[in-house]
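Here is a short report on one protein. Please look over its sequence and its 3D structure before reading on.

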Amino acid sequence: MRKGKTPEFKSTDPVTLAELRDWHEIRVTCRACGREASLFKSHFAKRGAADMTLREVMTRSRCSSCGAKGEADWAVFRMNRY
Ligand SMILES: [Zn+2]
């Protein structure tokens, strides 16, 4: 499977952080400013958000570039090397 082709989870899927594995890459795009970022499960580990869906987490997240809240578009990909 080629990276970037088909997401394993899309922003409409009710996937929780607990369901993600370390080799899942969350690619986030800010709809407000277009900033792209790659996040991993470990990024959220300290927030005690394991039972939250990724959708909820992203809705509450703020863009680190422009500060827009809830503007993140995201998809989860499986990294190639695993
Ligand atoms: Zn932004």
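The text below covers the overall layout, the sheet, the core and one cysteine.

This is a predicted model: local features need pLDDT of at least 70, side-chain atom pairs count only at pLDDT 80 or more, and totals for chains, interfaces and linings use all residues. Residues are numbered from 1 along each chain, as its sequence is written.

**Layout**

The protein has two helices and four strands. Both kinds of element are DSSP runs, numbered from the N terminus: helices are H or I with at least four residues, strands are E with at least two. From the N terminus, the order of elements is β-β-β-α-α-β. Of the contacts with a separation of 6 or more, 71% join residues 24 or more positions apart. Two residues are in contact if their C-beta atoms, placed from the backbone, lie within 7 Å.

**The sheet**

Strands of a sheet pair through backbone hydrogen bonds, either parallel or antiparallel. Here, four strands form an open sheet in the order 1-4-2-3, with antiparallel pairing. Two strands count as paired if DSSP finds at least two bridges between them. The table lists the pairs.

| Strand pair | Bridges and sense |
|---|---|
| Strand 1 and strand 4 | two bridges, antiparallel |
| Strand 2 and strand 4 | seven bridges, antiparallel |
| Strand 2 and strand 3 | five bridges, antiparallel |

Some partners can be named. Phe-9 is bridged to Val-76 in strand 4. His-24 faces Arg-78, also in strand 4. On strand 3, Ala-37 is the bridge partner of Val-28, and Glu-36 is that of Thr-29. Strand 2 and strand 3 form a hairpin with five residues between the strands. In this hairpin, Gly-34 takes a positive phi near 85 degrees.

**The core**

Buried residues make up 13% of the 82 residues. A residue is buried if 20 or more other C-beta atoms lie within 10 Å of its own, exposed if 12 or fewer, and partly exposed in between; C-beta atoms are placed from the backbone. In soluble globular proteins, nonpolar side chains tend to be buried together. A nonpolar core is a set of buried Ala, Val, Leu, Ile, Met, Phe, Trp, Tyr and Cys residues joined through C-beta atoms within 7 Å.

Which residues make up the largest nonpolar core? There are nine: Leu-17, Leu-20, Ile-26, Cys-30, Leu-54, Cys-63, Ala-72, Trp-74 and Val-76. Strand 2 and strand 4 are the elements that give two or more residues to this core. Strand 4 has the largest share, three residues.

Leu-17 is one of the core residues. Beyond four places in sequence, Leu-17 touches Lys-41, Phe-44, Ala-49, Ala-50, Met-52, Leu-54 and Val-57.

**Cys-30**

Cys-30 belongs to strand 2 (residues 24-30). Why does Cys-30 count as buried? Because it has 21 C-beta neighbours inside 10 Å. Leaving out residues up to four places away in sequence, Cys-30 touches Arg-35, Cys-63, Ser-65, Cys-66, Ala-68, Glu-71 and Ala-72. Gly-67 is 37 residues from Cys-30 along the chain, with 9.7 Å between their C-alpha atoms.
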